[in-house]
Amino acid sequence: MPPVLESLLKIAVLVGGLMTAAAYLVLVERWIAAWVQDRLGPNRVGVPLTKIRLFGLGQPVADGVKFLTKGEFTPGQVDKILYFVAPVAIFVAAMAAFAVVPLGSVVLPASWGFDGPVRLAVAPGLDVGMLYIFAVGSVAVYGVVLGGWASNNKYSFFGAVRSSAQLISYELPLGLGILGVILATGSLRLDNIIVEQARSGTWNVFVQPLGFVVFCVAAFAEAGRLPFDLPEAEQELVGGYHTEYLGVKLMLFMVSEFLHMILAAFLIVILFLGGWHFWGLTGSAEAVSWPVALLRVVVLLAKVMGVILFFMLARWSWPRFRYDQLMEVAWKVMIPWGLINVVVVATWMEYGVQLARPWNLSAAQGMAIVGWGVLLLCWLATTIIDPTASGNRPRRDLSVNDNCSE
Amino acid sequence: MLTHATQRTTMKSDDRNINWVQEPRLGLAGRSYLLLFVQGLTTTLRHFFSRKKTVQSPEQRHEIPDPSIYRGVHRLNRDQRGRVKCVACFLCATACPANCIDIVAAESPWTDREKYPQSFTIDELRCIFCGMCEEACPVDAIELTSLYDLSGKSREEMVFDKEKLLSVYDRTKDAKPMRTSRGEGRGAGDGE
Ligand code: SF4
Ligand code: SF4
């Protein structure tokens with residue numbers, strides 16, 4: 001099979017799979033929302049024109065048809081070109097980031113067609129994989145700003161400003177969280193990061209819990225999920241940057257949001273939760289036969305699904321942050337934590353082996369102890385110092401002599 | 001309330017009328033966010049696995065705890081001789097805040113009352129199901145039943161006339177007995 005054909009095949013599978021996954025995740029999200037609220041959720045739509053219900057599995061199709069058949073209306077005051085570019089930009093960026101995400105490991109060729117080992121990623125072995133994801137992922141901000149700006153509506157614009165500030169702020173802790181993993185692995189390739197964890201059998205979350213916390217929080221914020229969902233805040237803040245959108249263009253925004261969430265889940269699993277590795281199940285060699293490779297895909301997707309479920313449960317578990325709290329969590333807590341994590345990991349990479357030797361610990365065990373210790377210390381210090389406590393209430397001592405009311 | 005003008009001249013921040021409330025400072029447990037984290041997650045999970053309250057509507061019927069106080073579709077009650085109980089006094093139409101009761105009174109063919117409703121229509125689309133008509137009626141002729149799934153294919157269909165309202169009574173008289181016998185003598189007219 002020529003390489004071009006192989007790539008096209010992978011792209012087709014990836015795009016089709018992701019779109020289906022996004023559609024069905026909407027359904028899953030609605031189910032979970034319902035269950036958490038003691039309801040049943042959508043369970044009616046099944047095969048059209050019959051009485052077959054299939055637990056509501058036809059719902060995504062119905063939703064899709066609804067979105068596609070909505071009247072395509074463009075508000076009069078919008079900037080016509082940017083109004084179209086914004087959803088496309090955000091969608092393409094969200095899609096493109098998946099090119100380097102490995103959906104499994106390398107498999108040896110079977111009899112049919114393939115002449116080399118098959119890598120289960122569209123652009124396998126890209127040496128700057130992590131950088132690529134970051135670069136492409138940042139374009140999402142562009143889509144948000146453009147969407148708000150092109151709408152020519154002040155609420156959309158407020159929404160866009162709010163969310164671009166949030167997305168840009170949380171990119172820093174996101175990067176810092178990853179930096180620790182990259183330092184420990186010594187590679188930007190996602191495959192290598194997984195193989196490294198599989199080889200040593202210690203997932204990064206065990207040795208770098210601080211980095212994990214920082215990265216998770218930042219990933220939630222970047223994906224615009226509650227409790228960090230100020231980009232939309234559907235209930236309270238007038239829709240945000242896509243207030244003026246409807247129909248297919250709104251759907252592109254929505255799907256991109258789910259793609260961001262899937263990507264965040266993939267990154268959490270690959271960077272910190274060992275990717276396709278599971279002890280005693282999947283082995284750690286890079287190239288394996290089909291059955292093991294399939295098992296790895298299953299393990300990877302199961303982990304990703306688990307993380308996504310957590311994303312969805314989190315939505316109903318904690319109240320949303322106020323905007324100033326959101327910023328304070330990013331700048332006063334997450335970025336310092338990320339910096340501390342980088343310093344600790346770097347120091348340990350340099351001196352860890354010598355430091356661990358007197359206590360008869362392996363490097364990984366030592367790193368784990370240090371990592372959890374540092375997490376505990378950071379958490380305790382943050383709790384005591386409490387940098388996020390800044391009452392925005394009027395205070396008597398500050399307002400005795402004010403003349404604001406005049 | 002202070003008007004805006006007085007507020008501007010008198011309300012300074014050291015005004016004694018202002019009750020300054022200091023937000024209580026969170027304790028260590030609250031500030032660490034861990035307690036909140038666990039609390040939130042356990043609450044969500046508890047509900048996630050709890051029994052669901054949804055009623056699968058067309059197949060399952062919603063159980064109405066007390067039909068005698070439920071405010072659903074109206075009915076016009078019949079007396080013991082099967083005649084409409086209403087004496088066309090217009091009290092319900094007067095009480096109705098939605099102005100959706102329309103009565104045409106006529107001289108009664110019976111000896112026990114002067115008037116009876118020649119036509120009696122309720123626009124169920126305009127009705128807000130407040131129950132005022134039921135409260136107002138001196139002879140307990142109009143009542144709200146516990147039928148809640150009211151639907152129709154046109155607006156005209158949703159304007160219930162006397163026949164329809166009486167048929168609602170025939171349908172629901174076993175499920176929900178007439179509320180009181182107050183006024184039975186006057187309304188039912190057993191020749192008092
Ligand atoms: S229930 Fe209220 S609104 Fe409806 S007919 Fe009676 S008085 Fe009017
Ligand atoms: S239903 Fe009752 S209140 Fe209304 S006109 Fe008849 S008797 Fe009077």
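Start at ligand 1: its shell divides into 11 nonpolar, two polar and no charged residues. Here Ala, Val, Leu, Ile, Met, Phe, Trp, Tyr, Cys and Pro count as nonpolar, Asp, Glu, Lys and Arg as charged, and the others, Gly among them, as polar. This is a predicted model, in which local features need pLDDT of at least 70, side-chain atom pairs count only at pLDDT 80 or more, and totals for chains, interfaces and linings use all residues. Residues are numbered from 1 along each chain as its sequence is written, chains are lettered from A and ligands numbered from 1 in the order in which they are written, and side-chain values use heavy atoms, with hydrogens and water left out.

**The two ligands**

Stay on ligand 1. Select C96(B), C127(B), C130(B), G131(B) and C133(B), which come nearest of the 13 residues around ligand 1. A residue is near a molecule if one of its heavy atoms lies within 4 Å of it.

Now go to ligand 2. It is surrounded by 13 residues, and C86(B), C89(B), F90(B), C92(B) and C137(B) are the closest. The shell around ligand 2 has 13 nonpolar, no polar and no charged residues.

**Chain B**

Colour chain B by secondary structure. Chain B has seven helices and five strands. Helices (H or I, at least four residues) and strands (E, at least two) are DSSP runs, numbered from the N terminus. Follow the elements of chain B from the N terminus: α-α-α-β-α-β-β-α-β-β-α-α. Of the 192 residues of chain B, 34% count as buried. Buried means under 20% relative accessible area, exposed over 50%, and partly exposed in between (1.4 Å probe, protein chains only).

Select A88(B), in the loop between strand 1 (74-76) and helix 4 (91-95) of chain B. Its phi is positive, near 55 degrees, though A88(B) is not glycine. Most residues other than glycine have a negative phi. A88(B) is buried, with a relative accessible area of 0%.

**Chain A: a helix pair**

Switch to chain A. Show helix 3 (residues 80-96) and helix 4 (residues 129-151) of chain A. They pack at an angle of about 160 degrees, with their axes 8 Å apart. Helix 3 of chain A is therefore roughly antiparallel to helix 4 of chain A; angles over 145 degrees count as roughly antiparallel, under 35 as roughly parallel, 65 to 115 as roughly perpendicular and the rest as oblique. Among the residues of helix 3 of chain A that meet helix 4 of chain A are L82(A), Y83(A) and A89(A). The helix 4 side includes Y132(A), G143(A) and W149(A). The contact of helix 3 with helix 4 of chain A has 16 nonpolar, two polar and no charged residues.

Step on to N152(A), in the loop between helix 4 and helix 5 (154-185) of chain A. N152(A) has a positive phi, near 55 degrees, and is not glycine.

Select Y24(A), in helix 1 (residues 3-36) of chain A. Y24(A) is partly exposed, with a relative accessible area of 30%. Leaving aside neighbours within four places in sequence, Y24(A) is in contact (heavy atoms within 4.5 Å) with L57(A) and P60(A).

Finish at helix 6 (residues 190-200) of chain A. Its buried residues include L190(A), D191(A), I194(A) and Q197(A). The buried residues of helix 6 of chain A pack against several elements of chain A, among them strand 2 (118-119), helix 7 (204-207) and helix 9 (247-272). G201(A) follows helix 6 of chain A and has a positive phi, near 75 degrees.

Notes
Axes fitted to C-alpha atoms, helices over the stretch in contact; angles between N-to-C directions.
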